[in-house]
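Student: I would like to see how the labels used for a structure follow from its values. Please show it and go through them with me.

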Amino acid sequence: MRGALPRWIDVGLVPLANVLIAFAIAGLLVLMIGENPLRALRIMLAGALVGGEAVGYTLYYTTNFVFTGLAVALAFHAGLFNIGGEGQAYIGGLGVGLLALAGDGTLPFWLLLPLGLVVSAAFGAGWALVPAYLQAYRGSHIVITTIMFNFLAAALMVYLLVNVLIAPGSMSPESREFAHAAHLPFMHDVLARLGLKVANTPLNMSVLAAAVACVFVWVYVWHTPWGYELRTVGHSERAAVYAGIRPQRVIVATLCMSGALAGFVGFNEIMGVHHRLLLNFTAGYGFTGIAVALMGRNHPVGVVLASLLFGVLTQGGAELAFEIPTITKEMIVVIQGLVILFSGALAHLSRPWFERLYAARPRPAAEGA
Amino acid sequence: MDEALVILLLTLSATLRVATPLILCAMAGLFSERSGVIDIGLEGKTLAAAFAAAAVAAVGGSAWLALGAGILTAVAMALLHGYACITQRGNQVVSGVALNILASGLTVVLGIAWFQRGGQTPNLMPEARFMPLNWPGAAALADVPVLGPLYGVLVSGHNVIVYAALLVVPLTHWTLTATRFGLRLRAVGENPQAVDTAGISVAGLRYRAVLLCGLLTGIAGTYLAIAQNAGFSRDMTAGQGYIALAAMIFGKWRPYPALGACLLFGLLDAAAIRLQGVRVAVIGEVPVQLIQALPYALTVILLAGFIGRAVAPRAIGVPYMKEH
């Protein structure tokens with residue numbers, strides 16, 4: 001019997017078991033390579049959590065995962081699978097870069113900061129608009145169109161950076177560095193002003209934007225009429241129509257918002273860390289967002305927890321690759337794939353075990369008599 | 001004039017070689033999707049097969065053994081996809097994405113652990129590869145105008161997988177339209193209830209379709225690693241699995257149109273390589289990225305319904321639930 005489980009098993013134990021299966025397999029892989037998985041785990045955790053520098057890096061990666069995880073989660077609530085986070089983040093970064101290149105000589109910092117936020121969201125949303133429109137009004141499948149748009153974004157960025165935006169005299173396809181007015185303050189600078197000394201890391205103010213984004217998604221999805229419409233469309237488009245909702249509008253709005261959330265990765269990376277436009281700064285964050293959303297069960301709290309886990313994995317994995325050269329940082333990619341497989345496609349694999357366990361639990365004596 | 005002909009033939013010949021993995025993957029996807037199982041994972045299966053083939057060729061030194069390893073690997077992944085989608089009724093897109101990511105990570109992790117070459121496999125000797133076959137008479141005909149270069153450059157001089165890929169297309173068409181298995185396969189992708197009512201196993205048919213998909217992606221991966229190249233390099237599929245997916249959709253889930261799309265996309269790629277840095281009158285330097293982006297752009301335009309209508313199999317993506 002499906003659904004015979006109490007909520008704490010359904011929402012707590014089953015997803016936890018799925019993630020544990022994924023990690024157990026990753027551990028076996030480490031064993032197969034000929035290393036000790038427990039030692040690997042210890043190095044990873046220490047590398048990600050011990051010391052200010054480690055924590056700073058972990059939180060910096062977490063920021064990106066929160067953005068892309070929320071992007072995927074939001075779309076999932078409307079029954080849509082946005083694989084295009086990677087491209088939307090890329091184009092979001094392009095927007096921020098163009099803004100900074102155009103305005104860093106004339107506009108002051110206090111204007112560039114909010115503009116950067118708005119522009120990254122707008123460009124990310126813009127890149128989702130065409131697939132969204134096609135899904136809503138022309139019936140073309142969002143999964144395929146967003147995959148195509150990822151490749152289109154990549155081609156566009158290569159073209160622009162190689163031919164148009166490349167800094168004069170530069171050999172590598174990068175724009176010139178932005179003037180200081182277009183740099184997002186690093187958290188270590190912000191905290192230093194408040195009298196707190198922490199290690200220098202790429203962690204910047206966009207982590208605050210990520211926190212706000214979480215609250216925003218939570219309020220939007222569960223506490224506004226638009227969120228109600230969004231979830232209704234996600235449950236049943238036909239039912240939504242009978243409830244007087246126009247699914248087309250909801251689909252376009254949701255996907256654009258999803259694109260905007262992914263676009264913030266560009267804000268973090270370009271304005272916050274690299275301070276110039278460059279290639280491949282999205283580094284697969286868009287795809288990790290899928291794992292994050294599935295693992296976090298599409299809830300902002302879950303997304304934050306899953307993002308933290310992937311932040312730890314990314315930062316700890318880099319340390320691990322340094323300590324044990326036979327384990328490369330691509331191990332994280334393997335874990336990601338396993339998490340998506342077991343928390344997503346095989347999410348029901350462990351359920352029957354829990355159902356059997358739960359059915360066999362010792363019951364109160366009165367029932368047996 | 002003669003030189004122009006040779007350039008044209010060389011470009012077409014390159015097209016054929018570039019299109020080969022696309023054709024194999026597109027037919028693979030076609031089998032899977034016509035049975036109702038979405039396959040985003042063509043890319044991952046091909047990549048994993050490429051790695052397995054290159055690794056076995058490097059260790060075992062036999063191209064045929066490598067082909068077997070490539071096929072086995074892709075089939076294993078296809079079965080995993082099948083288990084998730086058919087038996088567990090999981091989300092098919094999610095499963096495909098998982099396999100793609102898994103393959104892109106696993107090939108590098110294992111590659112570095114086994115070969116210590118930054119994710120590459122050792123360079124292969126010609127004996128461990130599928131080398132171009134020169135057809136009899138190519139040399140003798142070389143001096144005959146038109147026919148000589150046509151035979152020598154375009155027809156002869158490819159490796160065995162290129163010819164096999166071209167054979168797979170009519171075979172796929174025949175299987176889908178003329179065999180009992182093919183008719184049932186298509187029925188199960190359109191209306192699984194009807195197939196079930198007729199007493200035929202929906203899951204069994206879908207598993208067979210997924211297996212065929214694994215077989216063909218296995219050949220495609222092997223081609224990339226030990227025929228087109230002399231070893232595996234990280235992420236060597238570079239999106240070709242997705243291009244094949246696009247080609248399959250572009251061909252509206254039918255073999256011959258899909259072949260046409262693969263050849264068109266292959267031609268674009270071959271032309272992009274040839275036009276690199278070349279200045280053309282009026283346009284100036286051709287932006288190569290634009291040509292490379294065309295397959296994706298064309299597919300989006302097609303999906304938008306501007307070039308006819310691409311209608312997917314009706315039951316695609318819907319796990320089959322037997323009624324009790």
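Student: Why is α8(A) called roughly antiparallel to α13(A)?

Tutor: The axes of α8 (residues 206-223) and α13 (residues 300-323) of chain A cross at roughly 150 degrees and come within 9 Å. Angles run from 0 to 180 degrees between N-to-C directions, along lines fitted to C-alpha atoms over the stretch in contact. Over 145 counts as roughly antiparallel, so α8(A) is roughly antiparallel to α13(A). This is a predicted model, in which local features need pLDDT of at least 70. Residues are numbered from 1 along each chain, and chains are lettered from A in the order in which they are written.

Student: Which residues make the contact of α8(A) with α13(A)?

Tutor: Cys214(A), Val217(A) and Trp218(A) of α8(A) meet Pro300(A), Val303(A) and Val304(A) of α13(A); contact means C-beta atoms, placed from the backbone, within 7 Å. By class, this contact has six nonpolar, no polar and no charged residues.

Student: What makes α7(B) and α8(B) roughly perpendicular?

Tutor: Helices α7 (residues 160-178) and α8 (residues 180-190) of chain B pack at about 75 degrees, their axes 5 Å apart. Roughly perpendicular covers 65 to 115 degrees, and therefore the term applies to α7(B) and α8(B). Their contact includes Leu176(B) of α7(B) and Phe181(B) of α8(B).

Student: How many residues does each chain give to the contact between chains A and B?

Tutor: Chain B gives 35 residues and chain A gives 37 residues. On the chain B side, α4(B) gives the most, with 14 residues.

Key: This is a predicted model: local features need pLDDT of at least 70, side-chain atom pairs count only at pLDDT 80 or more; totals for chains, interfaces and linings use all residues. Two residues are in contact if their C-beta atoms, placed from the backbone, lie within 7 Å. Helices (H or I, at least four residues) and strands (E, at least two) are DSSP runs, numbered from the N terminus. Angles under 35 degrees count as roughly parallel, over 145 as roughly antiparallel, 65 to 115 as roughly perpendicular and the rest as oblique. Ala, Val, Leu, Ile, Met, Phe, Trp, Tyr, Cys and Pro count as nonpolar, Asp, Glu, Lys and Arg as charged, and the others, Gly among them, as polar.
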